[in-house]
Amino acid sequence: MSMPVEHDYIGFSLEVPSMENSGLNLKATELRLGLPGSESPERESSDDNNNKKKKGSAVVLSLKSLAGSGAKRGYSVAIDRKWVYSGNSGDGSDAVVPAAGLFSPTGAANNNGSKCVSGSDSGLCGPVLKEGGASQSPKPVVVAQEQKPHTHGSGPSKTQVVGWPPIRSFRKNTMSSHSAKNDDDSEAKLGLGCLYVKVSMDGAPYLRKVDLKTYGSYMELSSALEKMFTCFTLGKCGSDNVPSRDGSSESRLMDLIHGSEYVLTYEDKDGDWMLVGDVPWETTILWKGITKILQKEDRKQLTLLGFVYELTSPTRQSHQIAILLLMFTNSCKRLRIMKSSEAIGLAPRAMEKCRNRN
Amino acid sequence: MESTRSLSFPDKVRERVFAHLTSPEDRSSVSLVCKSWYDAERLSRTRVSIRNCYSVSPEILVRRFPNIRGVSLKGKPRFSDFNLVPSDWGADVHAWLVAFADRCPLLEELSLKRMAVSDESLEFLAFSFPNFKVLSLLSCDGFTTDGLEAIATFCKNLTELDIQENGVEDRSGSWLSCFPERFTSLEVLNFSNLTSEVDFDALERLVSRCKSLKVLKVNRSVSLEQLQKLLVLAPQLVELGTGSFSLEFSAHQFAELESAFNNCKNIQSLSGLLDATVRYLPAIYPACANLTFLNLSYAAMQSDELDNLLMHCPHLQRLWVLDTVGDKGLEAVGSNCPLLEELRVFPADPFDEEIIQGVTEEGFLAVSFGCPRLHYVLYFCQQMTNAAVATIVQNCPDFTHFRLCIMNPGQPDYLTNEPMDEAFGAVVKTCTKLQRLSVSGLLTDLAFEYIGKHAKNLEVLSVAFAGSSDWGMQCVLEGCPKLSKLEIRDCPFGDAALLSGLEKYESMRSLWMSACNVTVDGCRLLATKMPRLNVEVIKDDESDDSQADKVYVYRTVAGPRRDSPPSVLAL
């Protein structure tokens, strides 16, 4: 199997993914989930239209969209809009926080979202909002603002009702502003990170979300994604896959993702689709080291992401690691599992970018 | 003649006797006996609590009670907390301050809830009342930290400054530095509401010289390291609100923090814990032995974290948490806190449609099994069943406050798909002491029939997205003998329902109806028939003129108010 991609992902098989179209015929349900940089696409699939519409209208959790729009979690001066939940007025405060607190005990990271999203939002929202960000991002739930609150009965969706659920504005704003200001309060940002990104898979009828922060390596991420998207692949892997964590190539997840026909790509802030794995993923970062070592600029970026890793002992290269981590997480706006056939030509670019940043 | 004189009790003595009456109900009764008792009561009254600032005018108040030292005022309807009331609605405290300054210059305490307070008012207050001691602002808006500067600078006898959950414009933390160096009387300082960084040195000095400080609730800008220093200075604290509870600590620093908490033997209430980093939570364990109130509602915790913490809090009576703890966390509550009386579970992120988390009926059940003394609950959940609620109230029949919010409006029992009527029926039938009830979920008129019939002690009822017809509201108005506040939103109750309460409203504090089917004509009719009620209609811009989008009805002796903004139509 060969593919005109040349590099070597950490944790992935050294073999390049197959370029063959193995005959998965998903034409009928194939969805192009949108070109990089496009708006969150309308779901066209017949089933689950409602869900998708909801998802479509829900704010894309990708950082890019957060950057561009008033993030879903943002709260503007709600009073003006008579809205429960409106876009952030840009003071950088947005969702809540506590990192660990966000998973349900059952742990499927992608199912717990709540605040995390906001966590990253809020950071982004602040300054970026004003720039008008990536206009590509879909409008947040705020769109629903135009609707007046229903009278009873029809059970309007949560986000469409003013003042419901009945939580004091102060509490809402506080929860959303947990990662508050963009200024120097590094402690405020500690422990707040969640980095939710949308993951789409070609051919799948709906997207998933993952919290990048919960994974320690690309391997873990891939395996989690594999589990999530298993149901959409035909035949290749069953649910009893246990991805091996030692980076060996035996893991079927890699077969799935890389071995046969799918590659994991991500969309970075420039709107380019990059192959995952170029940037090393380090799990041992000394947070304090980061805040001390990084320049204010970088710290700001990290803040923007609202991204925090738990600390273990510092490594000699913590500085470097931090930068690299920043690069990946800073870059990653959306993950996309693409068909290998469509991934031609991505890798070299990724390498280049990587080199440039370094 | 002597005999005549001995028959009449000197007024002064009567006043002295009445001075010992503290309960407002007793005072009320006493004032009705006869004129001289009325006078003795009013002259000896030192505290007054006005639950609706428009029910009486400042002039009437100060004329009747010239010697008051403490006043508590509530302004806007409660639904203003949820942005249902225009920001210019009213409830400005200034007129009150002017009246007090004129007639009651010895005023010492002011507690305001949902009032509009401006910086000018705060300055006026600081200058007008030389003995001023206690200022408590809850859910107010309109002021900035500049106003607080005036308070800090000029209130030389201040003992309490309690700023909670307000819409305050936080311009800077410099207000804290305005307390004079010789100022030592502070006992309560709560600025957790504010976000700006305060000068820590000033705070440190303040805490150090105020030896009577009992309550200290700092804001997020105060770090753990700084908190530790404050604790060392004030080990006598009874209530503590931490700032940001996260920092990269060395083991030595952690030990110091733990030791500081260990020295705080008197802590009964703990809050804040913002951004709590799990690994530092154990530092607070030594201080938890006497804890009766734990407010974790700004600290999203997991179930196991909560379990670990609660193991150290055997005397806990009140607990506020976020629903991130999940049902499992609530099980931990049930097993660790047998003395629990109050539980509030807030939703961490109620607006995310895509992510389902939070608590269910299981969590509530678990708590009810483990905490038989539970009598106050506020519970935001994703799903509930009739059966669960019935079991819960069987386990805890002493509920006085039962506020259940099933977050999806109009949602039925998720197992049987039936309305939640039976759940609330069980509540009102079993909990005879029930004073406050908030209902949610899919409800028909039957629920209200139950409430009207059984809720004999109910004073406050909140209803949203419920009911099938006017009959529901009628049942409540014709039953519930002690009903004082009724708040309704998004229900199919119309003019007939509104007018069925004609005779009831004067015995109630207020009625709020929004997004119902009430018309302006209906309101007008009510206003005409009941002149001692103020009937106000708040118009939404886009709606049709005949609909009364929001109606607020309240009894008053002050007549129609003169300060309503254009959006409020006083009928």
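## Overview of chain B

In chain B, 69% of the contacts with a separation of 6 or more are accounted for by residues 24 or more positions apart. The model is predicted, and chain B contains 20 helices and 23 strands. Of its 571 residues, 60% count as buried.

The model scores are ipTM 0.85 and pTM 0.66. Chain B has an average pLDDT of 92, and 97% of the residues score at least 70. Within chain B, confidence reaches its highest mean, 98, in strand β17 (residues 436-438), whereas helix α1 (residues 2-7) has the lowest, a mean of 49. The pLDDT is below 50 over residues 1-6 of chain B, and this stretch has zero contacts in the model beyond near neighbours in sequence.

## Helix α11 of chain B

Helix α11 of chain B comprises twelve residues, 251-262. From its first C-alpha to its last it reaches 16 Å, close to the 16 Å expected at 1.5 Å a residue. The buried residues in α11(B) are Q253(B), F254(B), L257(B), A260(B) and F261(B). These residues lie on the same side of α11(B), because they cover an arc of only 120° around the axis. An α-helix has 3.6 residues a turn, so residues three or four places apart point the same way. The exposed residues A251(B) and H252(B) are carried on the face of α11(B) turned away from its buried side. Among the elements that cover the buried residues of α11(B) are α10 (224-233) and β10 (239-241) of chain B.

## Selected buried residues

| Residue | Relative accessibility | State |
|---|---|---|
| E342(B) | 8% | buried |
| T400(B) | 12% | buried |
| C516(B) | 7% | buried |
| C523(B) | 0% | buried |

## The site around E342(B)

E342(B) belongs to strand β14 of chain B, which spans residues 342-346. Which side chains make a polar contact with the side chain of E342(B)? One is the side chain of R318(B), at 3.1 Å. Another is the side chain of R344(B), at 2.8 Å. When neighbours within four places in sequence are left aside, E342(B) is in contact with Q317(B), R318(B), L319(B), W320(B), L374(B) and Y376(B).

## The site around T400(B)

T400(B) is found in the loop between α15 (386-395) and β16 (401-406) of chain B. Although T400(B) lies in a loop, its relative accessibility of 12% means that T400(B) counts as buried. The residues that T400(B) touches, not counting those up to four places away in sequence, are H375(B), K433(B), L434(B), Q435(B) and R436(B). L374(B) is 26 residues from T400(B) along the chain, and the C-alpha atoms of the two are separated by 9.1 Å.

## Cysteines

How many disulfides does the structure hold over all chains? The number is zero. For C516(B), the closest cysteine sulfur is that of C491(B); the two sulfurs are 5.2 Å apart, which is too far for a bond. C516(B) counts as buried because its relative accessibility is 7%. C523(B), at 0% relative accessibility, likewise counts as buried.

Definitions and conventions:
Residues are numbered from 1 along each chain as its sequence is written. Chains are lettered from A and ligands numbered from 1 in the order in which they are written. This is a predicted model: local features need pLDDT of at least 70, side-chain atom pairs count only at pLDDT 80 or more; totals for chains, interfaces and linings use all residues. Side-chain values use heavy atoms; hydrogens and water are left out. Helices (H or I, at least four residues) and strands (E, at least two) are DSSP runs, numbered from the N terminus. Buried means under 20% relative accessible area, exposed over 50%, partly exposed in between (1.4 Å probe, protein chains only). A polar contact is a pair of N or O atoms within 3.5 Å; within protein, one must be able to donate a hydrogen and the other to accept it, and residues adjacent in sequence count only if both atoms are side-chain atoms. Contact means heavy atoms within 4.5 Å. The expected span of a helix is 1.5 Å times one less than its number of residues. The arc is that of the directions from the helix axis to the C-beta atoms. A disulfide is a pair of cysteine sulfur atoms within 2.5 Å. pLDDT is the predictor's confidence in each residue, from 0 to 100.
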